[in-house]
Amino acid sequence: MIVVAGEALIDLVPRGPGALAALQPALGGGPFNTAVALGRLGSPTAFCSRVSYDAFGEALLGGLREAGVDASAVQRGPEPTTLAVATVGDGGSAAYSFYVEGTADRLFTAPAALPAGTRAVSFGTCSLVLEPGASAYEELLRTAAGQGVFTVLDPNIRPGLIPDADAYRARFKGWLSSVDLLKLSEEDALWLGGTPQEWLSAGPSAVVITHGAAGLSVVTGEHAVYAVPGEAVDVVDTIGAGDTVNAALLHGLAVRDALSPAGVAGLGAEGWRQLLGFAARAAAITCSRAGAEPPYASELGDSWAVPGRG
């Protein structure tokens, strides 16, 4: 079981140009997208969050279940669902404005235990910023790491939600001792102001960086660097692309029985290139369609070159 912990929200995606374009509601939130992508790839997955009883919340739970994700660990509340208004720029890149005051996911509390059989837990995005839930997710991160569960962090920085950038950067550094795999975009890396070598020295076994259309790279604990190019695709938008990368990395590691620091260390050059290439292909499919619509395993075929599958 892979557990994804974090927010589920509704993306309001413009259906045309201009500030007053009609907005199409879509299921979203970085962790939610990661959980759905994992389910579509065929990994046993559970979602750990807090979701509203409102109609949007019901739709979010329906999306999880449709993807085969276990939603039994999802907490519920009467507060409204968080909204994220997307603006899609040139090249399909997306920026967001958030409506988060008094919403259900902010009131998440750390569970007494993770679901039975949990092998990995993934964290990230708004859930690690908005209090009081952020402290509860941080508690869960440290608890999981202390129990020897493989942990993944994608900070997925949303600057507009971070009132004190320096305080967040310090908090991020404090998380790294509890993180086995750090994944972030090159924009995140620039905003955080560190380097993969610095982050590796604080705890992670590897740091994966996404470079948009240019592809992905990884710096390992041995300070080896491997990279793959991006997949050529007609981009509709990039919503959910990074979340799909998270899912592909977790799924590929699980298939290889490598959800551990030792497993990550043992991948080697060819293993990393295969895994990064699989993630690049999966993300390209997501970029080829509107909104966060990650691929199913059947769309990737048998050519994804991660042993033990297909």
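Which element gives the largest share of the lining of the second largest pocket, and how many residues does that element supply?

A: This is a predicted model. The element is helix H1, and its share is four residues.

Start with the pocket itself. The second largest pocket has a volume of about 310 Å³. It is lined by 17 residues, and those closest to its centre are Ala 26, Leu 27, Arg 40, Ala 292 and Glu 293. Strand S3 (23–28), H1 and helix H2 (55–66) each give two or more residues to this lining. By class, the lining divides into 10 nonpolar, four polar and three charged residues.

Spanning residues 30–41, H1 supplies at least two residues of the lining of the largest pocket. The largest pocket holds about 1100 Å³ of space. Its lining counts 47 residues. Nearest its centre are Ser 185, Glu 187, Thr 238, Ala 241 and Gly 242. The lining has 21 nonpolar, 17 polar and nine charged residues.

Now follow H7. This helix covers residues 241–255 and holds Asn 246. Asn 246 counts as buried because its relative accessibility is 5%, and the cut-off for buried is under 20%. Beyond its neighbours within four places in sequence, Asn 246 is in contact with Thr 34, Asp 154 and Lys 183.

Asp 257 has a relative accessible area of 60%, so it is exposed, as the cut-off for exposed is over 50%.

Asn 156 lies in the loop between strand S10 (150–154) and helix H4 (165–175). Its relative accessibility is 13%, so Asn 156 counts as buried.

One more loop deserves a look. Pro 132 lies between strand S9 (120–124) and helix H3 (133–146). The peptide bond that joins Glu 131 to Pro 132 is cis, with omega near 5°.

Note on methods:
Residues are numbered from 1 along each chain as its sequence is written. This is a predicted model: local features need pLDDT of at least 70, side-chain atom pairs count only at pLDDT 80 or more; totals for chains, interfaces and linings use all residues. Side-chain values use heavy atoms; hydrogens and water are left out. Buried means under 20% relative accessible area, exposed over 50%, partly exposed in between (1.4 Å probe, protein chains only). Contact means heavy atoms within 4.5 Å. On a 1 Å grid over the protein atoms alone, a cavity is a set of points where a 1.4 Å probe fits but cannot get out, and a pocket is an open set with protein on both sides within 12 Å along at least five of seven lines; lining residues have an atom within 4 Å of a point. Grid points are joined across faces, edges and corners, and a volume is the space filled by probe spheres set on the points. Ala, Val, Leu, Ile, Met, Phe, Trp, Tyr, Cys and Pro count as nonpolar, Asp, Glu, Lys and Arg as charged, and the others, Gly among them, as polar.
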